[in-house]
Amino acid sequence: MVYALICDLPSKWEKKIVGAMNVTLLPGGVCAEISGVNLCRPLIDNVFSKIYKAWLGTGALLIRGQCLTDKQLLTFAKQFGDLEFPPSKLLSLMNSDSSSDKIPSHINVISNVVENGRPIGQLGAGEASWHTDSAFVEEPPAASILYAIEIPSKGGNTTLANMTKAWDSLDPVLRAAIRGKKAKHDYTYTSVGERRKDFPEVLDPREAPGPAHPIVRTHPDTGRESLYLGRRLNCYILGLSLNESEKLLDQLWKHAVKPEFTYEHVWQVGDVLMWDNRCTMHRREAFDKSERRIMHRAQVKGERPYFEVE
């Protein structure tokens, strides 16, 4: 029974001993911390199955104290499924001048560092607004895995929001208003609000390019429902007037990012933070652009979002 995945997790922030591995549910129940594992080598089956269950149960995992090569990071990611390309590659917009040929094609460098006059990664030092990774493609990734290599002295925290919890507590009137509806997800702009190369400015969300996905989606592994909002900028609910769409989206976003659904992560070098894009949103706070921040991200292929009618 798929729902047993949720019940098997420790509650009240307890620690559960699984052999040499510890699973600790962090405050808020949005993320589980895994300790006692070394990701430098593939995980044995019984250890991985417990990690996978914890991931499905919370929507996010934290594993500290790792020292990984890109190959090792990708090996860990591949245990969850086939590798996915970074967003820029998914949109065929990769700028060869802004990434090193030494970086494997499935690694996405998130960084503000500039070397020899060129950025080594993407998204700079500004705030990255709430979003689901690559909701603007037909088959968004199932998982994102972010590994901290260099971090600033302060700032740059990543906050996760659990959309299953948000859906479970949503007002019945709003539930009825969005059940079965789809929203269009624009790929013109990045999560830091920068317009992507070769795409014209979009002023009317109804005219924005991008696929439409259910606002409430069914998780393919757990069967649970969750909100699926993508990002706020240029989102549009099909079948509504622009004013109706904007009003409804404002209500949903106000609810979705309430503190009780979130976990704010303060980074340490060697942290691996992984989240389920099918039921988790995230944001990044800004940090001092004079300080270095280097993260390497791997992603796992997902499926087209769907809503399973009861």
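Leu160 stands opposite His282 in strand S20. Strands here are DSSP E runs of at least two residues, and helices are H or I runs of at least four, numbered from the N terminus. The model is predicted: local features need pLDDT of at least 70, side-chain atom pairs count only at pLDDT 80 or more, and totals for chains, interfaces and linings use all residues. Residues are numbered from 1 along each chain as its sequence is written, and side-chain values use heavy atoms, without hydrogens and water.

Strand S12 (residues 158–162) pairs with S20 (residues 280–284) in the antiparallel sense, over five bridges. Pairing requires at least two DSSP bridges between the strands. An open antiparallel sheet of four strands runs S10-S20-S12-S18. S10 (128–131) and S18 (262–265) each have a single partner strand, so one side of each lacks a neighbour in the sheet.

Now the interior. Buried residues (under 20% relative accessible area, 1.4 Å probe, protein chains only) make up 53% of the 310 residues in the protein chain. Nonpolar side chains tend to be buried together in soluble globular proteins. A nonpolar core is a set of buried Ala, Val, Leu, Ile, Met, Phe, Trp, Tyr and Cys residues joined through side-chain atoms within 4.5 Å. The largest has 30 residues, and Ile34 and Phe76 touch the most other members. Its contributors of at least two residues each include strand S3 (32–35), helix H2 (45–58) and helix H3 (70–78). H2 gives the most, with five residues.

Beyond its neighbours within four places in sequence, Phe76 is in contact (heavy atoms within 4.5 Å) with Leu39, Leu43, Ile63, Ile145, Val272 and Met274.

Methods:
Buried means under 20% relative accessible area, exposed over 50%, partly exposed in between (1.4 Å probe, protein chains only).
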